[in-house]
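My entries follow in the order I made them.

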Amino acid sequence: YVILLWLYIIINSILNFPTYTVIIVANLLTAWIIINLLSDLIKNELLSKIFSILIWTIAALHVVGIYQEIVNILSKISFSSGNINISLLMVIKGILTLFIFLWIAMKLSSYSEKKIKRLSTLTPSIRVLLTKILKFVIFTAVILITMSSLGIDLTALAVVGGAVGVGVGFGLQKIVSNFISGIIILLDKSVKPGDVIEIDNVYGQIKSIGLRYISVLTLDGKEYII
């Protein structure tokens with residue numbers, strides 16, 4: 001029905017017939033379909049309601065014909081510092097874009113993790129390593145894509161990255177050391193989930209391996225993070 005309505009609008013626009021009422025119905029029906037699709041995809045009730053209110057608001061602004069005016073007002077409310085200009089519209093777009101991409105990234109990460117766990121040809125350590133690397137790549141890509149879509153110059157990240165590198169080198173040496181050690185442990189396959197190890201007369205089974213720590217579960221139910 002929505003498709004037929006929009007076809008009717010296109011034909012009437014070509015023939016210069018009035019289509020205002022039909023446009024209103026088409027906008028509301030389109031919003032209703034989008035909201036129903038999002039409700040099926042987003043299981044969180046609060047997030048589903050937030051998106052529903054947002055979509056209905058956009059549809060209502062289109063109906064009354066002030067959507068573009070609101071967009072122009074939001075773009076004029078801005079903050080400038082040097083060559084950087086940040087408007088309220090950009091902030092809103094950034095939050096929405098980041099949320100959508102993060103949601104997609106979590107779904108992709110969860111799906112890929114399930115697929116990797118089913119690969120019996122890989123050792124448990126390699127599966128864990130691939131899962132961690134894939135998550136890092138996906139979420140890094142999400143942040144970069146979000147910044148790029150907002151028109152932020154990514155070359156500026158080179159300077160920021162250098163500063164962060166210096167900070168990591170001096171202030172986060174232990175964390176980076178653990179991170180690198182975790183990668184080495186996963187690569188050399190010295191231990192894997194399910195192995196039984198002893199540390200300081202404490203016996204336990206390796207429950208999980210992360211990039212910065214190993215979780216060990218003892219016989220009396222205590223969990224140690226190494």
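**Helix α8 and what follows**

I started with helix α8, residues 173-188. In this predicted model, α8 has 16 residues and reaches 22 Å from its first C-alpha to its last, close to the 22 Å expected at 1.5 Å a residue. The expected span is 1.5 Å times one less than the number of residues. Just after α8, K189 takes a positive phi of about 60°.

**Ground rules**

I noted that residues are numbered from 1 along each chain as its sequence is written, and that side-chain values use heavy atoms, with hydrogens and water left out. Because the model is predicted, local features need pLDDT of at least 70 and side-chain atom pairs count only at pLDDT 80 or more, while totals for chains, interfaces and linings use all residues.

**Whole chain**

I read 8 helices and 6 strands in the protein chain. These are DSSP runs numbered from the N terminus: helices are H or I with at least four residues, strands are E with at least two. The order is α-α-α-α-β-β-α-α-α-α-β-β-β-β. Of the 226 residues, 23% count as buried (under 20% relative accessible area, 1.4 Å probe, protein chains only). For contacts (heavy atoms within 4.5 Å) with a separation of 6 or more, residues 24 or more positions apart account for 41%.

I then checked strand pairing, which requires at least two DSSP bridges between two strands. β4 and β5 run antiparallel, joined by 5 bridges. They form a hairpin with 4 residues between them. I206 stands opposite V216 in β5. β5 also runs antiparallel to β6 (residues 223-225), with 3 bridges. Here L217 has E223 in β6 as its bridge partner. That hairpin also has 4 residues between its strands, and G221 in the turn has a positive phi of about 90°. How many residues of β5 are buried? I found 4 of its 5, so by the under-20% cut-off β5 is mostly covered.

**Core**

Which residues make up the largest nonpolar core? I listed 9: V128, L129, L186, V191, I206, I209, L211, I214 and V216. Such a core is a set of buried Ala, Val, Leu, Ile, Met, Phe, Trp, Tyr and Cys residues joined through side-chain atoms within 4.5 Å. α6 (124-149), β4 (202-209) and β5 (214-218) each supply at least two of its residues. Last, I looked up L211. Leaving aside neighbours within four places in sequence, L211 is in contact with L129, K132, N178, F179, G182, I183 and L186.

Notes: Buried means under 20% relative accessible area, exposed over 50%, partly exposed in between (1.4 Å probe, protein chains only).
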